Amino acid sequence: MEPINYIQAREVTKAYGEKVLFQGISVSIAQGQKVALIARNGTGKTTLLNILSGLDTPDEGICTYRNGLRLAYLPQEPGFDPSLNISDALLSADNEQTRTIKAYEELISDPDTAQNVTGKKSLEEIMLRMDALQAWDYEQRVKQVLTKLKISSLKTPVASLSGGQLKRLALAKVLIEEPDFLLLDEPTNHLDIEMIEWLEGFFSRQKITLLMVTHDRYFLDAVCNEIIELENNKLHTYKGNYAYFLEKKQARKVAEAAQNEKSLNLLRKETDWMRRSPPARTTKSKARIQSYHHLKEETGKPQESTAGEIRMDITRLGKKILELVNVRKIYDNQRVVDDFSYVFKRGERVGIVGPNGTGKSTLVNLITQSIRPDAGKVVTGETIQFGYFRQEGINVDPNKKVIEVIRDVADHIRLAKDYSMSAAQFLRYFNFPNHMHHDLVENLSGGEKRRLYLLTILMRNPNFLILDEPTNDLDIDTLNILEDFLLTYPGCLMIVSHDRYFLDRLADHLFVFRAVGDIKDFPGNYTDFRMQQKQRSASASSEKKERKTQQKRSNRPSEKKKLSYKEQKEFEALESEIPVLEEEKAVLLKKMNEGALNPEELTKASVRYQEIDQILDIKTDRWLELSEWV
């Protein structure tokens with residue numbers, strides 16, 4: 001049976017001014033597919049998502065959708081009406097379920113509802129509608145999603161939320177709506193690792209159709225079963241996960257390089273023929289001249305180059321690097337960093353992980369001495385030169401050109417082995433091709449601005465580099481280049497990141513923030529840490545079961561041989577009472593599911609059902625205890 005096509009785009013073209021983002025591309029997403037869209041920043045991947053979601057229109061081509069398709073879109077920068085609170089923002093979807101839940105919540109929150117006949121009647125009617133729409137399950141689902149995304153107070157004004165909180169709110173909204181087809185633009189941005197892993201498991205288990213843009217390679221690998229790559233205005237499809245994509249892309253590049261070499265050889269031959277000025281007298285010679293011009297155009301297209309290895313010429317590190325001695329920092333009577341001590345060594349590579357709000361940025365600010373500790377001391381070596389890439393970025397004059405921003409730092413970058421690189425070469429190395437060097441900063445995408453900011457940090461040749469969420473908004477190509485660059489970086493490296501792949505490649509050990517003020521040094525990368533956590537969790541669960549079993553055995557009198565007369569009577573009574581209670585429980589459950597009870601009867605039935613459930617637990621445990629001696 002052929003899968004149902006949810007969305008189909010045919011021969012789509014989009015350009016802004018003279019810049020063509022993509023031309024004549026076609027894509028179709030069928031029911032059950034989980035697709036990742038990979039492209040460099042600034043090449044139009046967000047524009048393509050906007051077109052497929054219906055927020056934008058192509059210059060040419062058409063998009064068609066299955067009739068009745070329920071589609072939801074998570075943009076990279078979500079927007080909500082600042083006058084709403086969280087509850088209103090979440091239930092702003094225009095469907096019968098959300099309208100019914102909202103009406104129900106308004107009624108039960110109004111103290112006058114229970115005091116008058118009209119209010120009681122309205123409540124009865126709304127509860128019947130809740131039953132018919134199975135909205136009680138919907139409400140439970142809402143609470144589960146909100147709990148996992150750490151959204152607690154539903155009355156909090158949207159206007160007071162941070163960028164990360166707004167992203168989590170937008171994510172909660174699209175998950176709660178349970179659409180047929182979900183488009184996501186960087187869903188893991190601003191989420192801590194715990195949330196990312198929950199979301200990863202959620203999408204892996206759910207039978208949902210997805211199209212997402214993400215730079216999180218572990219997330220992509222675990223969730224997606226197909227990858228489409230937007231490159232040089234064209235789409236390439238890979239029917240597999242990220243590992244499969246890397247293998248097949250490399251094979252494609254090798255084949256394209258071989259074909260390009262053949263084309264160049266043919267072009268040389270045809271150019272020689274053209275120089276002899278052949279008269280286009282016959283159809284055959286005219287066709288050959290047309291073929292020559294087409295071949296010249298194709299082989300003249302820029303080919304993606306592989307960045308070579310470069311090593312920075314950093315200031316030599318002295319014997320003393322950095323030492324933290326019993327450092328403490330208190331905010332609002334809470335010890336955010338509590339008596340933390342550590343001595344850094346040459347070439348140290350440490351990753352910092354933990355839930356948001358546990359003090360990671362505070363520790364970094366103490367290290368860079370942006371803030372002073374309330375107790376203890378931070379001792380920095382005389383030769384240390386910090387390079388600090390801040391999560392919030394920097395303010396750059398939007399009217400400056402890209403090359404001017406780099407040249408404001410330096411015209412040339414010193415590299416190892418008495419070699420230097422010009423500002424333009426350094427830009428090209430980090431995926432800023434020549435045609436972008438004179439673009440204004442205001443015309444760059446969010447990811448391109450962060451990449452430009454990163455270059456201004458790296459160009460200063462720091463010997464202690466601190467990166468706070470460097471992977472946010474960077475495309476995968478740039479991440480691979482940055483990782484290769486950092487692997488050869490000879491100085492000390494500290495990374496605050498939620499990108500597990502990035503941490504695994506670069507960090508030798510971790511500072512794990514388990515809670516506010518609770519920091520542990522773990523000797524390994526993130527995968528090692530998670531494996532240890534899972535092993536400890538499994539071991540703790542096994543030990544708990546074993547303790548329970550031993551406790552039951554120890555509670556049993558060793559000299560007991562059989563039941564007393566009183567216990568025998570109790571056992572017989574339990575054998576007759578338990579089936580009766582189970583029958584009553586089944587009858588109540590059937591009545592509640594049929595929806596024939598009025599609100600008052602439904603409430604009484606629910607209370608009685610819970611009572612029976614508790615009584616059965618007690619009586620069954622006692623029956624099991626006595627049955628051991630029968």
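These legends accompany several close-up views of a predicted model. Residues are numbered from 1 along each chain as its sequence is written, and side-chain values rest on heavy atoms, with hydrogens and water left out. Because this is a predicted model, local features need pLDDT of at least 70 and side-chain atom pairs count only at pLDDT 80 or more, while totals for chains, interfaces and linings use all residues.

**View 1. The protein chain as a whole.** Let us start with the overall picture: the protein chain holds 19 helices and 20 strands (DSSP runs, H or I of at least four residues for helices and E of at least two for strands, numbered from the N terminus). Of its 630 residues, 44% are buried (under 20% relative accessible area; exposed is over 50% and partly exposed in between, with a 1.4 Å probe and protein chains only). Among contacts (heavy atoms within 4.5 Å) between residues at least 6 apart in sequence, 68% join residues at least 24 apart. The chain exposes about 34,300 Å², with 48% supplied by carbon and sulfur atoms (Shrake-Rupley method, 1.4 Å probe).

**View 2. Strand S1 and its two partners.** Strand S1 (residues 5-16) runs antiparallel to S2, joined by eight bridges, and antiparallel to strand S4 (residues 60-65), joined by five bridges; strands count as paired if DSSP finds at least two bridges between them. On the S2 side, lysine 14 has phenylalanine 22 as its bridge partner.

**View 3. Lysine 19 in strand S2.** This residue belongs to strand S2 (residues 19-30). Lysine 19 is partly exposed, at a relative accessible area of 42%. Threonine 43 is 24 residues from lysine 19 in sequence, and their C-alpha atoms are 9.5 Å apart in space.

**View 4. The second largest pocket.** A pocket here is an open set of points on a 1 Å grid over the protein atoms alone, with protein on both sides within 12 Å along at least five of seven lines, and lining residues have an atom within 4 Å of a point. About 620 Å³ of space lies in this one, where volume is the space filled by probe spheres set on points joined across faces, edges and corners. Its lining has 25 residues, and Asn41, Gly42, Leu444, Ser445 and Glu448 lie nearest the centre. S2, helix H1 (45-53) and helix H14 (446-458) are the elements that each give two or more residues to this lining. By class, the lining has five nonpolar, 12 polar and eight charged residues (Ala, Val, Leu, Ile, Met, Phe, Trp, Tyr, Cys and Pro are nonpolar; Asp, Glu, Lys and Arg charged; the others, Gly among them, polar).

**View 5. Two cavities.** A cavity is a set of grid points where a 1.4 Å probe fits but cannot get out, and a search of the whole structure finds two of 30 Å³ or more. The largest has a volume of about 60 Å³, and residues lining it include His190, His215, Asp216 and His498. Two nonpolar, six polar and three charged residues make up that lining. The second largest cavity, of about 50 Å³, has a lining with six nonpolar, two polar and three charged residues. Strand S3 (residues 34-39) gives the most to this second lining, with three residues; Leu37, Lys45 and His215 are among the lining residues.
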